[in-house]
Amino acid sequence: MSRLGFALRAERRRFDQLDWPLVVTMLFIVGVGLLNLYSAIHGTKHAAKFDQQLMFVTMGVVLFGLVAAIDYHLWIRLAWWGIGGVLLLLIVVALMGTRSEAKGSSRWLMVGGYGIQPSEFAKLAIIIALARVSEQLGNTTPQRYAYIALAMAPVGFIAIQPDLGTASICALVATSVGLLVLRDIRPILLIWLPLLIVAPFKWDSLHRYQQNRIMVFLDPSLDPHGIGWQLRQSKLGIGSGQLVGKGYLEGTQNRFDFLPEHWTDFPFAVWAEEWGFLGSAGLVLAFALLVYWCLSLAFRARDKGGAIICVGVAALVFWHAIINIAMVIGMAPVVGVTLPFISYGGSSLLTFFIALGLAASVGLRKHG
């Protein structure tokens, strides 16, 4: 048999090893996201966002396939270049990024008419860099902490944008991975405890809208027609869905535009109103399956770097889903964290496709 024949057979065997439950679960959630987005913006001035999201999904599926096909060890070798590139983009955002007049934040770069959010891709760079750090744990302790600090450098730049939601996600993902990488949790406690102690004294440094979000979280009855409007409408929509929901395209909070920006931060409220408790539980179960399959791949990975990538991806999906749903039902402050594959937005969507592609790449090479 020719060399080409052997190569084709090898690729066929690798394709057969693709973790199909991971792919099917991912595509199921993507389908839910498209259905939900169509309902959320149907008949509104934002209807064009559906076509844009469809384009991002197409790009994401292609990126998933490409990333899965490439050996993940290549990304680990390029980890520091990735961190460097993300830091450069974050600096460019700080200097030239599109600024939100309402929030006073600068998070996007405009490219070809579309806004790109580099902080979304920073999450991937951090996961890969921590996988690289795990390969260098044989060095001295100061060197080890220096590597970890370098891997976490984007978090500081993201926090000063300010984008505390994304910065928190990066920190939580890194902490989740750190529990695997480090042999004891004292370094993690040394980072988190001072932050938790200092946080209350930084109240005056927060923007007004950030203070309002925390105040509404602590007192949901506060100003129901003003700063508490969005959360109140979200909870009304979820509660009115009851057991089986009002039916597709029949959500009143959605149709009459009572719930602001429900296609980005609050899509779960749209889904819960139209599909009820059973539909909401089904979506939560799908996310749980996605996290489970990523952790399953981590246990089956052939090396520590691959395991860390899978744990990082599982943590990324978990924290995004749990924080988004918690803030939509009033159990966490509104911090602008997207719901994976459901919220509208190209940067977020492509980040999750690439992340799952990395996990799939680890799965394809678990036998060498």
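## His320

His320 is buried (under 20% relative accessible area, where exposed is over 50% and partly exposed lies in between, with a 1.4 Å probe and protein chains only), and its own relative accessible area is 1%. The residue sits in helix α15, residues 304–328. Helices (H or I, at least four residues) and strands (E, at least two) are DSSP runs, numbered from the N terminus.

The side chain of His320 makes a polar contact with the side chain of Lys123, at 2.7 Å. A polar contact is a pair of N or O atoms within 3.5 Å; within protein, one must be able to donate a hydrogen and the other to accept it, and residues adjacent in sequence count only if both atoms are side-chain atoms. With its neighbours within four places in sequence set aside, His320 is in contact (heavy atoms within 4.5 Å) with Lys123, Ile169, Val337, Thr338, Pro340 and Phe352.

## Model and confidence

This is a predicted model, in which local features need pLDDT of at least 70 and side-chain atom pairs count only at pLDDT 80 or more, while totals for chains, interfaces and linings use all residues. Residues are numbered from 1 along each chain as its sequence is written, and side-chain values use heavy atoms, with hydrogens and water left out.

The predictor's confidence in each residue is its pLDDT, from 0 to 100. The protein chain averages 86, and 89% of the residues score at least 70. Confidence is lowest in helix α1 (residues 3–16), with a mean of 65, and highest in helix α14 (residues 267–300), at 96.

## Helix α5

Helix α5 covers residues 79–96 and has 18 residues. From its first C-alpha to its last it reaches 25 Å, close to the 26 Å expected at 1.5 Å a residue; the expected span is 1.5 Å times one less than the number of residues.

Ala79, Ile83, Val86, Leu87, Leu90 and Val93 are buried in α5. Seen down the helix axis, the buried residues of α5 fall within an arc of 115°, so they line one face. The arc is that of the directions from the helix axis to the C-beta atoms. On the face turned away from this buried side are the exposed residues Trp81, Leu88, Leu95 and Met96.

Strand β1 (residues 98–99) pairs with strand β2 (residues 106–111) in the antiparallel sense over 2 bridges; two strands pair if DSSP finds at least two bridges between them. Arg99 has Ser106 in β2 as its bridge partner.

β2 also pairs with strand β3 (residues 114–116), in the antiparallel sense over 3 bridges. Here Met110 is bridged to Gly115 in β3. The hairpin of β2 and β3 has 2 residues between the strands, and Gly112 takes a positive phi near 60°.
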